[in-house]
Amino acid sequence: MKSGYHEIYTRYRDNITRGVLKPGDKVPAIRVLAEELKVARKTVETAYAILTGEGYLVSQGARGTRVNPDLALPARLDAPTDHTTGSLPESLMTQRERAGFLRPGIPALDSFPYKKWLLLAGQATRSMRQEEMLNPPVMGWPALRQAIASYLNISRGLSCRAEQVLITSGYSGSLRLILDTLASRNDKVVFEDPGYFMGQQLLKRIVPRLHTVPVDRMGMDTDYLLRHHHDARFAIVTPSHQSPLAVTLSLPRKQQLLDWASQNAAWIIEDDYDGEFHYTRKVLPSLKSLDRHDRVIFMGTFSKTIMPSLRMGYVVMPASTVDAFTDCADIMASGQPVLTQKILTAFLSEGHFFRHLKKMRALYQIRRDWMIAALREVYGDLFFTEQNDGGMHIVAFLAKGSCDKEIAHCWQAHQLQVNALSEWYRGSGKRFGLVVGYNNVRTRQEALELLQRPKQQTLDLMR
């Protein structure tokens, strides 16, 4: 079996940490190693890029690539030691395909206006013209771009034109396109810790110089960013409702982040995660709405507001980057299905989306309260929650201990598809708990019955 980039990366990392390869030792050229292993050069290049980004290797031009001469072993390296570094934890690996309850990030499917959606789908299908059966526009269906721009300008406080909206296949498609358009291989990228686990895995595969910034109760620690990663080129944040801790980036930190970006010609990628769902106050304005220097790239999806299977997202491009995105999209993107875009356009432009969101805000607040009350009734003070204004999940923190992975596995065996919070961290300073979705819990009694399923085993683990 041919080696993949991860096998090559692991082999060299282990040989370096064990001392088989010593600081200053030369490693084979990419072409030579690719021929020896009978793999594509890109495979070796990816492995070397990760090793270089983590500090194991350095490129010395004509002298070739060598083990970092400044590497001091067995002293702690910048490379993460967490087991989630190389691949997704087993408990997260297939979660998107597993059936069950309490899975985070799934909208209330029992309350979606199916009849209206089917009606719009039928109308869009019957109105299809021959010219719409050709390749879809790579930047997106013009009417949908206009509908999204109108929605964002009203609901999220943006000031953008339809020409700045680019339609993508969702979170991963948006992130890849942004970095393909604006980033070089040597650019430093910072990400939240803890941060969205699928985002972590994607970035570790495509960004050689990936670093993390801690998150506390006020969001990303911007002081840490300025102290340790002032030279970063990109900062990826979830300011409205942090994933997974559910905190909101404080206004002083928002301003500090914007000042850093404008002063250093850096880019902020704002992932508007759960930005539409705030319950006890008006919807928070986006970070992009405070941006006076056009340094924020805004991205969102309809996976949590409509349905995950829609696979539709969008990027709001800074005005100065529209040409660059257009050029890159012509090469890297193929456009999204026109029929789906037409259905979504009607759903937005006819007001159904606004009404649906208003209904869901009220419903999710009720269901969140049911879940918190049931957690307290079933488990007492073994878990605690921190009150946050909105979102689609809660974090049930362990009052003591660190066995959240074991508890998550136990709950998953009972078809409760929760996540262990510690598996979302990449560095030290972990907190422990369960990331619990509540949107599809239909009654308070159902919440109680679901939490009762793994109670005894959970109590045994927490003793």
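Helices (DSSP runs of H or I, at least four residues) and strands (runs of E, at least two) are numbered here from the N terminus. The structure is a predicted model, in which local features need pLDDT of at least 70 and side-chain atom pairs count only at pLDDT 80 or more, while totals for chains, interfaces and linings use all residues. Residues are numbered from 1 along each chain as its sequence is written, and side-chain values use heavy atoms, with hydrogens and water left out.

We can begin with the charged side chains. A salt bridge is counted where a side-chain nitrogen of Lys or Arg lies within 4 Å of a carboxyl oxygen of Asp or Glu, and by this rule the model has 18 salt bridges. One of them joins R31 and E35, with 3.7 Å from N to O. Both residues belong to helix α2 (residues 30–37), and because they are four residues apart there, about one helical turn separates them. To describe how open such residues are, relative accessible area is used: buried means under 20%, exposed means over 50%, and partly exposed is in between, with a 1.4 Å probe and protein chains only. On this scale R31, at 45%, is partly exposed, and E35, at 47%, is partly exposed as well.

A further salt bridge links E377 and R444, at 3.1 Å from N to O. Here E377 lies in helix α13 (residues 352–379) and R444 in helix α15 (residues 444–452), so the pair ties together parts that are 67 residues apart in sequence. R444 is partly exposed, with a relative accessible area of 34%. Salt bridges can also share partners, and in this way R129, E131, E132 and K342 are joined into one network.

Another buried residue is N68, with a relative accessible area of 14%, and it is found in the loop between β2 (65–67) and α4 (90–93). Leaving aside residues up to four places away in sequence, N68 touches P23, G24, G55, Y56, L57 and V58.

At the surface, L109, Y114 and L118 form a nonpolar patch with about 310 Å² of accessible area together. Patches are made of residues with over 30% relative accessible area and no salt bridge, where like charges are joined within 9 Å and nonpolar side chains (Val, Leu, Ile, Met, Phe, Trp, Tyr) within 5 Å; the areas come from the Shrake-Rupley method with a 1.4 Å probe, and for residues only the protein chains shown count as cover. L118, a member of helix α5 (residues 114–126), counts as exposed at 59% relative accessibility.

The elements giving two or more residues to its lining are α13 and β12 (393–398), and β12 gives the most, with four residues.

Notes: Contact = heavy atoms within 4.5 Å.
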